[in-house]
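Please open the model in a viewer and display side chains as well as the backbone. The stops below are meant to be selected one after another.

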Amino acid sequence: MLRALAVDDERPALEELLYLLRADPRVRSAEGATDATETLRRINRALDAGPDGDDAIDVVFLDIHMAGLTGLDVARLLAGFARPPLIVFVTAHEGFAVQAFDLKAVDYVLKPVRRERLAEAVRRVCDQVESIPAPTAAAFPPVVPPQTAAADQIAVELGGVTRFIPIDDIAYAEAQGDYARLHTHAGSHLVRIPLSTLEERWAARGFVRIHRRHLVALGRIDELRLDAGATTVRVGDAELAVSRRHARELRDLLMRRARG
């Protein structure tokens, strides 16, 4: 019987997938995760526990489009280990199938997920699990969560290719709904991460919120202007508005930086 981990950053889709998995008699247990970080931590516990441990995982049912690292990024990280769990991609997008199978995915299930189609994916996983020889303890090295393994980079997708952009190259980030556009000297990249999440993650790296729409690297601010009561900053060629609620804090930060 399979021990499964389902991963989707959309809660209704995750709950539906877990419901279908738990209803399959071949699935012993099914747990859920909503992002890549939680997924890798959970797999790390499974690898530490070994194949017979309480936290063991046989298969990961993995969404592709998620905030931060995508499902494809997670699969690439896991591919470097001798005995990672098997992977079934569950996605609304047909265009990643070639990449998915290049990463040795057992199956590629399209949303909305049908019970019969998921049952076929479970059958394929069971067949493959039965053909895998018993592992040794040395085959289970730890997975490093992305905050540690790629703390200095962020994954962006460009033309169907995932690239890793150094965070130090980012001058500012601009909110665009549930997405953020990252501006570097070489161009901009759209990521599916809210600006509030980036603000929390990058505070220790010197990024400050200056407006509901903008998060700026403090060291990239070239000029602070006060004109007719309106405050703006110049970051490279861009001039960005500073909201009243952030203006005083920003001035204080810049003054302390200048003194330091």
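Select Phe89 and display its surroundings: beyond its neighbours within four places in sequence, Phe89 is in contact with Leu62, Ile64, Gly71, Leu72, Ala75, Ala100, Ala105, Asp107, Tyr108 and Val109. Contact here denotes heavy atoms within 4.5 Å. This is a predicted model, in which local features need pLDDT of at least 70 and side-chain atom pairs count only at pLDDT 80 or more, whereas totals for chains, interfaces and linings use all residues. Residues are numbered from 1 along each chain as its sequence is written, and side-chain values use heavy atoms, with hydrogens and water left out.

Now extend the selection to the largest nonpolar core, which has 26 residues; Leu5, Val7, Ile43, Val60, Leu62 and Phe89 have the most contacts inside it. Such a core is a set of buried Ala, Val, Leu, Ile, Met, Phe, Trp, Tyr and Cys residues joined through side-chain atoms within 4.5 Å. Buried means under 20% relative accessible area, exposed over 50%, and partly exposed in between, with a 1.4 Å probe and protein chains only. At least two residues of this core come from each of strand 1, helix 2 (36-49), strand 3, helix 3 and strand 4; helix 2 gives the largest share, 5 residues. Another core, of 23 residues, lies apart from it and includes Leu2, Leu18, Val27 and Leu118.

Helices (H or I, at least four residues) and strands (E, at least two) are DSSP runs, numbered from the N terminus. Colour the open sheet of 5 strands with the order 2-1-3-4-5, whose pairing is parallel. Two strands pair if DSSP finds at least two bridges between them. Strand 2 (27-33) and strand 5 (107-110) are the edge strands, each pairing on one side only. On average, neighbouring strands of this sheet are turned by 20° against each other, direction ignored.

Within that sheet, select strand 1 (residues 2-7) and strand 3 (residues 59-62), which run parallel and are joined by 4 bridges. Val7 faces Leu62 of strand 3. Next, show helix 3 (residues 71-79), which packs on the sheet, touches strand 3 and strand 4, and makes about 175° with the direction of strand 4. Axes are lines fitted to C-alpha atoms, for helices over the stretch in contact, and angles run from 0 to 180 degrees between N-to-C directions. Helix 1 (residues 11-22) lies across strands 1, 2, 3 and 4 (86-91), at about 170° to strand 2.

Which residues does Ala33 touch, not counting those up to four places away in sequence? They are Leu5, Ala6, Val7, Asp8, Leu14, Glu38 and Thr39. Ala33 belongs to strand 2 and is buried, at 2% relative accessible area.

Move to Asp8, in the loop between strand 1 and helix 1. Asp8 is buried, with a relative accessible area of 3%. Its side chain reaches the backbone nitrogen of Glu10 at 2.9 Å, and a polar contact of 2.5 Å joins the side chains of Asp8 and Lys111. A polar contact is a pair of N or O atoms within 3.5 Å; within protein, one must be able to donate a hydrogen and the other to accept it, and residues adjacent in sequence count only if both atoms are side-chain atoms.

Finally, select the open sheet of 5 strands in the order 10-9-8-12-11, with antiparallel pairing. Strand 10 (187-191) and strand 11 (207-211) stand at its edges, each with a single partner strand, so one side of each is left without a neighbour in the sheet. Strand 11 pairs with strand 12 (residues 214-217) over 4 bridges in the antiparallel sense, and Arg209 stands opposite Leu215 in strand 12.
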